[in-house]
Amino acid sequence: MLETSARLLRMLSLLQARRDWTGPQLAQRLDVSERTVRNDVERLRTIGYPIDATRGAAGGYRLGVGGQLPPLLLDDDEAVAIVLGLRAATGLDGVEETSLRALTKLEQVLPHRLRRRVAALNAYAVTVPTDDPYPVVDAELLSTIAACCRDTERLRFDYESHPGHGSRRDVEPHRLINWGRRWYLLAWDLDRQDWRTFRIDRITPRVPTGPRFVPRPPPEDVGAYVSARASAAAWRYHTTVVVHAPAPVIAERIPPAAGTVEARDERTCLFRTGADSLDTIAVHLSLLGVGFEVTEPPELVDKVRELAHRYAQAVAPSASHPDDRVS
């Protein structure tokens with residue numbers, strides 16, 4: 001009986017690890033006959049686990065959807081990853097308490113060797129605190145939007161922009177992105193006929209959802225697209241700089257969140273960037289390693305002149321070093 005129980009747990013673990021299994025595959029992995037596999041499948045069905053079976057050459061077994069969640073059988077790395085993920089669960093309203101309950105259940109059954117791994121990671125991994133409070137997102141709202149993305153249903157909502165302006169939006173939702181401890185929605189805005197990025201915590205949905213739609217080809221790199229526009233939306237200062245280098249060269253030197261690069265000709269490009277302070281923009285431009293021209297905003301032009309003068313003074317020839325005057 002003990003051997004049979006252990007084999008049933010092993011079969012359940014295999015069915016969770018992959019969507020479809022043939023009878024011969026399961027028999028080989030469990031080192032039993034195909035008849036034993038069929039008998040074990042019936043035993044699992046008897047105790048409440050729905051296992052679907054199909055006949056024929058391409059037939060096999062699949063763990064179906066039942067009325068209750070079956071026990072999850074995890075390997076060591078999976079268990080550690082889930083524990084760390086539950087401890088780090090933040091930013092979703094109502095999820096912290098649920099995560100704590102799940103974490104308590106999991107840690108009670110962790111083997112000693114895994115508890116040591118988790119304890120070491122928690123003891124020696126440091127989280128840097130921030131003064132910028134992250135917004136809390138309602139988990140039900142996140143689930144609703146995810147369902148619209150999955151079912152390709154239009155989403156209507158009221159939206160409050162970064163400056164505080166309200167608007168009503170009708171969009172075709174594409175993806176949810178978690179970036180910078182915030183949640184964003186990438187969607188096609190039907191009124192503006194373009195892709196737009198929306199912060200989830202600023203969305204107030206309208207029900208019911210809209211009709212179905214045919215998905216459009218998304219931007220090539222969804223993560224880079226959202227991170228660049230999410231950063232730009234929060235900048236206090238914006239500028240467009242002519243950079244004396246080809247666009248591919250500059251694109252390789254900057255992260256996606258730093259701005260966008262557009263080719264001007266074979267030797268120059270336009271770099272659109274920004275930041276919360278003029279000093280930050282001026283310093284970052286100097287780190288490009290190539291020549292550039294700044295024309296706007298006027299405050300940034302003055303800041304670059306000030307920085308250039310300061311650098312020039314830092315390397316000015318001095319009387320105590322006559323060799324500095326030699327050209």
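**Exercise 1.** In this predicted model, Asp-40 forms a salt bridge with Arg-7. State how far apart the closest N and O atoms are, which helices hold the two residues, and whether Asp-40 is buried or exposed.

*Solution.* 
Step 1. The closest N and O atoms of Asp-40 and Arg-7 are 2.5 Å apart, and the cut-off for a salt bridge is 4 Å.
Step 2. Asp-40 belongs to helix 3 (residues 34-46) and Arg-7 to helix 1 (residues 2-17). The two are 33 residues apart, and the pair links distant parts of the chain.
Step 3. Buried means under 20% relative accessible area. Asp-40 has 0% and is therefore buried. Arg-7, at 15%, also counts as buried.

**Exercise 2.** Describe the salt bridges that Asp-302 forms with Arg-305 and Glu-306 with Arg-310, and classify the exposure of Asp-302.

*Solution.* 
Step 1. For Asp-302 and Arg-305 the closest N and O atoms are 3.4 Å apart. Both residues lie in helix 11, three residues apart, about one turn of the helix.
Step 2. For Glu-306 and Arg-310 the corresponding distance is 2.6 Å. This pair also lies in helix 11, with a spacing of four residues, about one turn of the helix.
Step 3. Glu-306 at 37% is partly exposed, as is Arg-310 at 44%.
Step 4. Glu-306 and Arg-310 are linked with Asp-279 and Lys-303 in a network of salt bridges.

**Exercise 3.** Determine how helix 10 and helix 11 pack, and which residues make the contact.

*Solution.* 
Step 1. Helix 10 (residues 278-286) and helix 11 (residues 298-314) have axes 9 Å apart, at an angle of about 60°.
Step 2. Angles from 65 to 115 degrees count as roughly perpendicular and those under 35 as roughly parallel; helix 10 and helix 11 are therefore oblique to each other.
Step 3. Their crossing is right-handed.
Step 4. Helix 10 contributes Leu-278, Asp-279, Ile-281, Ala-282, Val-283 and Ser-286 to the contact, and helix 11 contributes Glu-299, Leu-300, Lys-303, Val-304, Leu-307 and Tyr-311.
Step 5. By class, these are eight nonpolar, one polar and three charged residues.

How values were computed
Residues are numbered from 1 along each chain as its sequence is written. This is a predicted model: local features need pLDDT of at least 70, side-chain atom pairs count only at pLDDT 80 or more; totals for chains, interfaces and linings use all residues. Side-chain values use heavy atoms; hydrogens and water are left out. Axes are lines fitted to C-alpha atoms, for helices over the stretch in contact, and angles run from 0 to 180 degrees between N-to-C directions. Angles under 35 degrees count as roughly parallel, over 145 as roughly antiparallel, 65 to 115 as roughly perpendicular and the rest as oblique. A crossing is left-handed if the near helix is turned anticlockwise from the far one by less than a right angle, and right-handed if clockwise. Contact means heavy atoms within 4.5 Å. Ala, Val, Leu, Ile, Met, Phe, Trp, Tyr, Cys and Pro count as nonpolar, Asp, Glu, Lys and Arg as charged, and the others, Gly among them, as polar. A salt bridge is a side-chain nitrogen of Lys or Arg within 4 Å of a carboxyl oxygen of Asp or Glu. Buried means under 20% relative accessible area, exposed over 50%, partly exposed in between (1.4 Å probe, protein chains only).
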